[in-house]
Amino acid sequence: MQTQLTAINTAKILTSVCLIGFAVVFGVQDLRQVIYLCLHISYCAWWLLEQWFYPARKQMFNEPVGVLGFIFSLVFVGLLYALPGYLAFTNPVPLSFTATAIALPLYIFGSLINTSADVQKMTAKQEGAKLVSDGIWRFSRNINYFGDLMRYLSFSVVAGSIWAYIVPSAIALLYLQRISQKEQTMVEKYAEYTTYQQSSRRLIPFIW
């Protein structure tokens, strides 16, 4: 029986293969395709490297998945997540300075926020902490999701198509479902979680 992590890792590799395939089939016309390849493949590579740098990450997504679950991960995480890449490689319009100026900070800060949140929580848990609510987590109870959404928004901006926003929209809906389930569990698990809810935002720092 495969685990969720194995399925996700395989899907990330599939996404990278699709992006390289797009480059071979459609060619690299301008910076739109170059920047997209650099951003998305570096993200997939970091996902895999992070598990090597921080072995504790392997403890996440360790639930077993059957054949259907594995196939769903390949389709949803592997193929659907490659959609903005396809749109980037089939977009004949050169990437504008404005889109570049929006996409790169979204990707850079999104990656920093997501990684910082993960590393802080892993370190705190290894040292015996229970509820992690300080540091970067004081700004949002799901700050790691916020950083990840910023990163996927950057892919859509580079793709330059309204259809590319299907992916971050689908991820946002998935995260909202997870947040709803998580918060019900956290209230029951930690007595101080209610206080944490009152002093932080649910997803977007300073806003919501």
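What is the handedness of the crossing of helix 5 and helix 6? It is left-handed. The legends below describe close-up views of a predicted model.

**View 1. Helix 5 packed against helix 6.** The axes of helix 5 and helix 6 (residues 143–159) are 7 Å apart, and the packing angle is about 155 degrees. Angles over 145 degrees count as roughly antiparallel, and helix 5 and helix 6 are therefore roughly antiparallel to each other. From helix 5 the contact takes in Ala99, Ile102, Ala103, Leu106, Tyr107, Phe109, Gly110, Ser111, Ile113, Asn114, Ala117 and Asp118. These meet residues of helix 6 that include Ile143, Phe146, Gly147, Met150, Arg151, Leu153 and Phe155. The contact of helix 5 with helix 6 comprises 15 nonpolar, six polar and three charged residues.

**View 2. Helix 2 packed against helix 6.** Here the axes come within 9 Å and cross at roughly 160 degrees. Helix 2 and helix 6 are therefore roughly antiparallel to each other, and helix 2 passes helix 6 in a left-handed crossing. Helix 2 contributes Arg32, Ile35, Tyr36, Leu39, His40 and Tyr43 to the contact. On the helix 6 side are Asp148, Arg151, Tyr152, Ser154, Phe155, Val157, Val158 and Ala159. By class, nine residues of the contact of helix 2 with helix 6 are nonpolar, two are polar and three are charged.

**View 3. Helix 2 packed against helix 5.** Helix 2 (residues 31–53) and helix 5 (residues 97–126) have axes 12 Å apart and an angle of about 5 degrees. Angles under 35 degrees count as roughly parallel, so helix 2 and helix 5 are roughly parallel to each other. Ile35, Leu39, Ser42, Tyr43, Trp46 and Glu50 of helix 2 meet Thr100, Leu104, Tyr107, Thr115 and Asp118 of helix 5. The contact of helix 2 with helix 5 has six nonpolar, three polar and two charged residues.

View 4. Helix 1 (residues 4–26) has 23 residues. From first C-alpha to last, helix 1 reaches 32 Å, close to the 33 Å expected at 1.5 Å a residue. Its buried residues are Leu5, Ala7, Ile8, Asn9, Ala11, Lys12, Thr15, Ser16, Cys18, Leu19, Phe22 and Ala23.

Note on methods. Residues are numbered from 1 along each chain as its sequence is written. This is a predicted model: local features need pLDDT of at least 70, side-chain atom pairs count only at pLDDT 80 or more; totals for chains, interfaces and linings use all residues. Side-chain values use heavy atoms; hydrogens and water are left out. Axes are lines fitted to C-alpha atoms, for helices over the stretch in contact, and angles run from 0 to 180 degrees between N-to-C directions. Helices (H or I, at least four residues) and strands (E, at least two) are DSSP runs, numbered from the N terminus. Angles under 35 degrees count as roughly parallel, over 145 as roughly antiparallel, 65 to 115 as roughly perpendicular and the rest as oblique. Contact means heavy atoms within 4.5 Å. Ala, Val, Leu, Ile, Met, Phe, Trp, Tyr, Cys and Pro count as nonpolar, Asp, Glu, Lys and Arg as charged, and the others, Gly among them, as polar. A crossing is left-handed if the near helix is turned anticlockwise from the far one by less than a right angle, and right-handed if clockwise. The expected span of a helix is 1.5 Å times one less than its number of residues. Buried means under 20% relative accessible area, exposed over 50%, partly exposed in between (1.4 Å probe, protein chains only).
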